[in-house]
Amino acid sequence: MQSEFFTNLRCRECGRLYPKEAVHVCEWDFGPLEAVYDYEAIRQQISRDRIESRPPTMWRYREFLPLDGEPTVGTQVGFTPLVRADRLAKALGVREAYVKNDTVNYPTLSFKDRVVAVSLSRAKEMGFTVVACASTGNLANSVAANAASVGLESYVLIPSDLEASKVLGSLVYGSRVIGIRGPYDKVNRLCSEIAGKYQWAFVNVNLRPYYAEGSKTMGFEIAEQLGWRLPSHTVIPMASGSLLTKIAKSYQELIVTNLVEKTPFAIHGAQATGCNPISEAFRKGTDLVQPVPKPQTIAKSLAIGTPADGYYAIQTMRKSGGAAEDASDAEILAGIQLLAETAGIFAETAGGVTVACARKLIASGKIPEDASVVLCITGHGLKTAEALSGVLASPRVIDPSLREFDRLVSSDLGQASLPETVAP
Amino acid sequence: MAREKQRLWLTFGEALCQRPIIWELSRSFDLAFNIRSAQVTQTTGIVAIELEGEREVLKRAIQWLEKTGVAVEPVELSTIEG
């Protein structure tokens, strides 16, 4: 297969081109760099049939990913289910709802496996032997697991006061986990300095242009699983805002390469009220994203107070006819429960944010009630199970007595009759 | 002592928009500064700046900026993700 579809990196601000190296900001204006492709070459190479003939992983869209050769890390990642959720749709008050279910993404049960698969494959192409990230959860787990699977050494930097349960999910893979003392902003600045000083593949710093492109595969899959059409409304959780901008980019790329018909698609963003710099700026009608110095939300995977792609996320929502919303902790918990009870999917707190914000967007008419909507659910509920402690009812306990069980069931079922005979 | 460079985003609110922060910074600390991009309105200022100087001076300058009410972030913004 021709491999020269990925041509350059380019500054999103001034448009200057850069070679395909481990660089991430423009030397001129510090704008972020982004992968550029030869869409004409891709158009000639690719077709729906060709994609459908490939294995069901994120790599079936290989031409749209920033590698020179074939992937070597995370080759089984992606192609998670797109679930039609009629009972959820009814509860949300919308005609049709789908859940893009990355709670079952392989191997670490979050969408981060997509971005890590791309960045580590690229790191190997570039000859790096040590990979690193700074993370409080999902990204750390994914880097540790995917690095271990191919024998790359990994460093995971975390704030030193992170809960033990979250650290376990990285330590188990043999990653070198380093806790850093001090407030978040100082830890953040140190990580930037480490990334600059050590010649490591820091997945979301010097490899960010490659890393971020992995998110597009969620959008490609949604369109293919809908029968090669774009959803008219997509609701996406926002931390840095990168996932939202990349799903929009994936839809554009499918249009440009004639894989889908050009139809309107509104991109909506979801944040937690306790850390809502992007949705707040959107609401105010400004492009200037004010940092949130001390995020206060149970949706910790979205608690980025200085979102790197906040400006671009606002532009994307505005241009696509979408909107931004945010949800309180109580609404997030209700969102988790609603998704579980109506679709049988247990999402982490970020999933609760998406469901809660979708509900608000529908209630306010920003997503019309006769519309079809896709909800992007990005991580498994077992990762943030502690958020539900004290929220759910406890199991009812009975003695080992059939009569007692009968009594309990009849109180549940009200007037409904119990079976008269017991099967042998 | 070795000189080093740091690339930073400075963000500040309405209270500082009329104050010559960068001028004060350059008068108080022995640093070379180079503004790469800036957007300042009546309510918010966002400045991309490169500071060059001795490590200790850089450190003190950043402390002064923060004490003054300026949010100082590395050019990557949030390197720590969920």
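Reader: What joins E2(B) to E3(B)?
Author: A hairpin, through three residues. Keep in mind that this is a predicted model.

Reader: How many bridges between those two strands, and parallel or antiparallel?
Author: E2(B) and E3(B) run antiparallel, joined by eight bridges. Phe33(B) has Leu51(B) as its bridge partner in E3(B). Asn34(B) is partnered with Glu50(B) in E3(B).

Reader: And what about E1(B) with E3(B)?
Author: Antiparallel again, over 11 bridges. Lys5(B) sits opposite Glu52(B) of E3(B) there.

Reader: What's the strand order in that sheet of chain B?
Author: E2-E3-E1-E4, four strands in an open sheet with antiparallel pairing. E2 and E4 of chain B are the edge strands. Each has a single partner strand, so one side of each lacks a neighbour in the sheet. From one strand to the next, the twist averages 25°.

Reader: Confidence next. Where in chain B is it lowest, and where highest?
Author: Lowest in E5(B), with a mean of 90. Highest in helix H2 of chain B, residues 55-68, at 96. Chain B as a whole averages a pLDDT of 93, and 99% of its residues score at least 70.

Reader: What are the ipTM and pTM of the model?
Author: ipTM is 0.89 and pTM is 0.95.

Reader: Which strand of chain A pairs with E5(B)?
Author: Strand E6 of chain A, residues 130-135. The pairing is parallel, over two bridges. Ala134(A) has Ile80(B) as its bridge partner in E5(B).

Reader: Chain A now. What's the order of its six-stranded sheet?
Author: E4-E5-E13-E10-E11-E12 of chain A, an open sheet with mixed pairing. Strands E4 (82-84) and E12 (324-327) of chain A are at the edges. Each has just a single partner strand, so one side of each has no neighbour in the sheet. The twist from one strand to the next averages 25°.

Reader: Which helix packs on that sheet, and what does it touch?
Author: Helix H13 of chain A, residues 329-343. H13 touches E4, E5 (96-101), E11 and E12 of chain A. Its direction makes about 95° with that of E12(A).

Reader: How do E10 and E11 of chain A run, parallel or antiparallel?
Author: Parallel, with five bridges between E10 (residues 233-237) and E11 (residues 266-272) of chain A. His233(A) is opposite Ala266(A) in E11(A).

Reader: Change of topic. Which residues touch the most other members in the largest nonpolar core?
Author: Val131(A), Val143(A), Ala201(A), Leu302(A), Val353(A) and Leu375(A). That core has 143 residues. Helix H14 of chain A, residues 349-363, gives the most to this core, at eight residues.

Reader: What is Ala201(A) in contact with, leaving aside neighbours within four places in sequence?
Author: Ala22(A), Ala123(A), Phe128(A), Val131(A), Ala132(A) and Leu207(A).

Reader: Where is Gly74(A) found?
Author: In the loop between helix H2 (48-52) and E4 of chain A.

Reader: Is Gly74(A) buried or exposed?
Author: Buried, with 28 other C-beta atoms within 10 Å. The cut-off for buried is 20 or more. Beyond neighbours within four places in sequence, Gly74(A) contacts Asp113(A), Val116(A), Ala117(A), Leu120(A), Ser121(A) and Asn146(A). Its C-alpha atom is separated by 8.2 Å from that of Pro107(A), 33 residues apart along the chain.

Reader: Last one, H12(A). Which of its residues are buried?
Author: In H12(A), residues 310-320, they are Gly310(A), Tyr311(A), Tyr312(A), Ala313(A), Ile314(A), Thr316(A) and Met317(A).

Reader: What covers them?
Author: The cover includes helix H10 (242-256), E11, helix H11 (277-284) and E12 of chain A. Just after H12(A), Gly321(A) takes a positive phi of about 80°.

Technical notes: Residues are numbered from 1 along each chain as its sequence is written. Chains are lettered from A and ligands numbered from 1 in the order in which they are written. This is a predicted model: local features need pLDDT of at least 70, side-chain atom pairs count only at pLDDT 80 or more; totals for chains, interfaces and linings use all residues. Two strands pair if DSSP finds at least two bridges between them. Axes are lines fitted to C-alpha atoms, for helices over the stretch in contact, and angles run from 0 to 180 degrees between N-to-C directions. Two residues are in contact if their C-beta atoms, placed from the backbone, lie within 7 Å. pLDDT is the predictor's confidence in each residue, from 0 to 100. A nonpolar core is a set of buried Ala, Val, Leu, Ile, Met, Phe, Trp, Tyr and Cys residues joined through C-beta atoms within 7 Å. A residue is buried if 20 or more other C-beta atoms lie within 10 Å of its own, exposed if 12 or fewer, and partly exposed in between; C-beta atoms are placed from the backbone.
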